[in-house]
Amino acid sequence: MSTAAPVPQVIELTAVARRRGQYLYRQFSVPVGVNRISVKLKKKGMGQVGVGLFDERGCDYQSPGFRGVLGQESREFFISADRATPGFRPGAIHPGTWTVMIPVFRAWTAMRLTVTLTLAFGPEPNETLPGPEQSVVSPAPGWYKGDMHCHTTHSSDAHHSGSSLTPGEWAAKAQEIGLHWVSLTDHNVTSQNWQLQQDAAETGVLLLAGEEMTNWFHGHATVTGLSPGDWIDFRQLPVRMPLGKGAGRIRDCIMKARSCGAYISAAHPLRLLVEWRFWDEAKADPEARPDGLEVWTGRFQYDNWESLKLWDRCLCRGWKVWANGGSDIHGMHNEEGFAPGQPTTVVYAESLSKAGILAALRQGRSYVARSPEGPELYLTARGPGGQDEMMGGTVYGAADDQVEVSMRAVGGAGKQLVLIRDGKVVMTAAITSNDQTVSVTQMVGGGGYVRAELRGKGQASLLRIWAYRLGMEALTNPIFLVQRDGLS
Ligand SMILES: [Zn+2]
């Protein structure tokens with residue numbers, strides 16, 4: 001006769017949250033033989049909290065023991081070896097001291113929090129490990145269109161919208177609307193990256209493992225091209241604040257993302273309440289600067305316009321930081337008019353593969369367009385001695401050398417082409433046909449950069465200020481001009 005599994009053990013942890021911006025940690029002991037942990041949070045008082053879990057490997061900054069976290073939309077989850085609530089990593093349940101983490105988003109009053117843990121016993125199923133990534137989807141060099149900021153059912157807020165897409169649905173949607181690649185950037189979690197090859201199935205779409213590093217208090221960043229199973233911590237503090245338990249610096253985050261082979265971009269850097277706040281360290285330390293700025297998030301809005309100015313200031317300081325865009329869509333039905341692939345980041349890659357897309361992003365060989373249908377905008381420059389460069393490139397020459405800068409707009413009839421040199425508009429031209437190239441000459445001068453924009457007519461809506469639409473159609477990454485005497 002077999003012996004019945006022991007009855008589940010129930011543990012209650014309590015905490016009081018008084019102040020926004022803090023993480024509360026409560027430890028509990030997991031005995032041998034546990035095969036499932038369920039967690040439920042209850043709250044009394046006015047405010048918003050999340051709930052997450054670290055296993056026996058601890059809760060230090062960037063701990064490999066991170067298993068997942070929920071935002072304020074959801075209060076309950078479970079993990080086991082083979083399955084878990086979306087947003088949580090399945091995997092073996094080892095005995096030891098585990099930790100519940102409670103981020104406090106808002107605290108209008110003190111909140112009394114109770115976390116009920118149910119530890120079930122029984123045989124442990126085989127672990128579900130992260131599955132394989134796709135290899136080369138297409139070996140052909142070309143322009144590949146992607147959405148770099150996509151939430152799936154694994155983000156609790158997206159799930160809560162009731163109309164979010166699973167990773168597999170993202171691949172199908174991308175195929176339908178003409179995107180070639182998609183980065184799955186859920187809030188602080190990575191379980192969306194578990195079955196990329198299977199989720200992309202026969203779509204011909206490249207799914208990239210991603211994460212939105214969502215530091216709830218100091219800024220977000222999209223991370224593109226992780227390996228499945230990689231995770232980037234979100235508990236950074238700005239340099240002026242002393243580090244406490246579980247905290248790190250933004251430089252650690254950026255270096256970690258790069259060491260995983262990923263590209264990291266400050267998301268919606270000037271959107272109110274979620275703006276990037278790591279500028280002091282960026283000014284002092286090049287390694288505390290993200291690879292990119294998401295200057296265009298969802299429908300082109302006022303903060304995107306401000307982000308472009310911010311980006312120009314970064315470029316004028318000589319920082320090599322690239323522009324990119326992403327839809328940041330949480331649910332297909334939304335008030336803001338957000339949609340997958342709006343905007344689209346279009347990169348020139350040697351192949352449609354993770355390595356190809358990441359190389360292109362890192363070299364700034366890209367532009368951002370309103371949607372997968374376009375318009376297209378290409379910037380090239382011919383320097384002295386016939387150097388030909390595209391977006392992301394550098395042209396060298398003596399101060400009085402001429403550089404021929406060419407902008408080709410496809411599908412841009414009726415729009416206005418704008419050339420920006422060192423943050424200032426130096427040329428505008430009306431585009432009258434659907435494949436038009438405009439060329440101008442720039443002196444190398446003391447160096448600097450050129451970049452192009454294609455602008456349409458804005459559709460301002462004062463009633464819905466968040467949907468304030470400026471008429472951006474496409475914008476390119478820059479070509480740098482560097483003065484180097486004795487070249488020509
Ligand atoms: Zn997002």
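Mentor: Let us start with contacts: two residues are in contact if their C-beta atoms, placed from the backbone, lie within 7 Å. In the protein chain, residues 24 or more positions apart account for 73% of the contacts with a separation of 6 or more. Please note that this is a predicted model, in which local features need pLDDT of at least 70 and side-chain atom pairs count only at pLDDT 80 or more, while totals for chains, interfaces and linings use all residues. Residues are numbered from 1 along each chain as its sequence is written.

Trainee: Why does the radius of gyration of the protein chain agree with that of a compact globule?

Mentor: The radius is taken over C-alpha atoms, and the globule rule is 2.2 Å times the number of residues to the power 0.38. For 488 residues the rule gives a value near 23 Å, and the protein chain has 24 Å, so the two agree. Along its principal axes, the C-alpha trace spans about 85 × 50 × 50 Å.

Trainee: What percentage of the residues count as buried?

Mentor: A residue is buried if 20 or more other C-beta atoms, placed from the backbone, lie within 10 Å of its own. Of the 488 residues of the protein chain, 47% count as buried.

Trainee: Which domains does the assignment give?

Mentor: Domain bounds come from an automatic or database domain assignment. Here they are domain 1 (9-121), domain 2 (130-374) and domain 3 (375-488). The C-alpha centres of domain 1 and domain 2 lie 26 Å apart, and 21 residues of domain 1 are in contact with 24 residues of domain 2.

Trainee: Which elements give two or more residues to the side of domain 1 that touches domain 2?

Mentor: Strands are DSSP runs (E, at least two residues), numbered from the N terminus. The elements in question are strand E2 (23-30), strand E6 (66-70) and strand E8 (96-107). Of these, E6 gives the most, with four residues.

Trainee: In what order do the strands of the open sheet lie?

Mentor: Two strands pair if DSSP finds at least two bridges between them. The four strands of this open sheet run in the order E1-E9-E3-E7, with antiparallel pairing. Strand E1 (9-17) and strand E7 (76-80) are the edge strands, each pairing on one side only. Strand E3 (residues 34-44) pairs with E7 over five bridges in the antiparallel sense; Ser 38 has Phe 78 in E7 as its bridge partner.

Technical notes. Buried ≥ 20, exposed ≤ 12 C-beta atoms within 10 Å, placed from the backbone.
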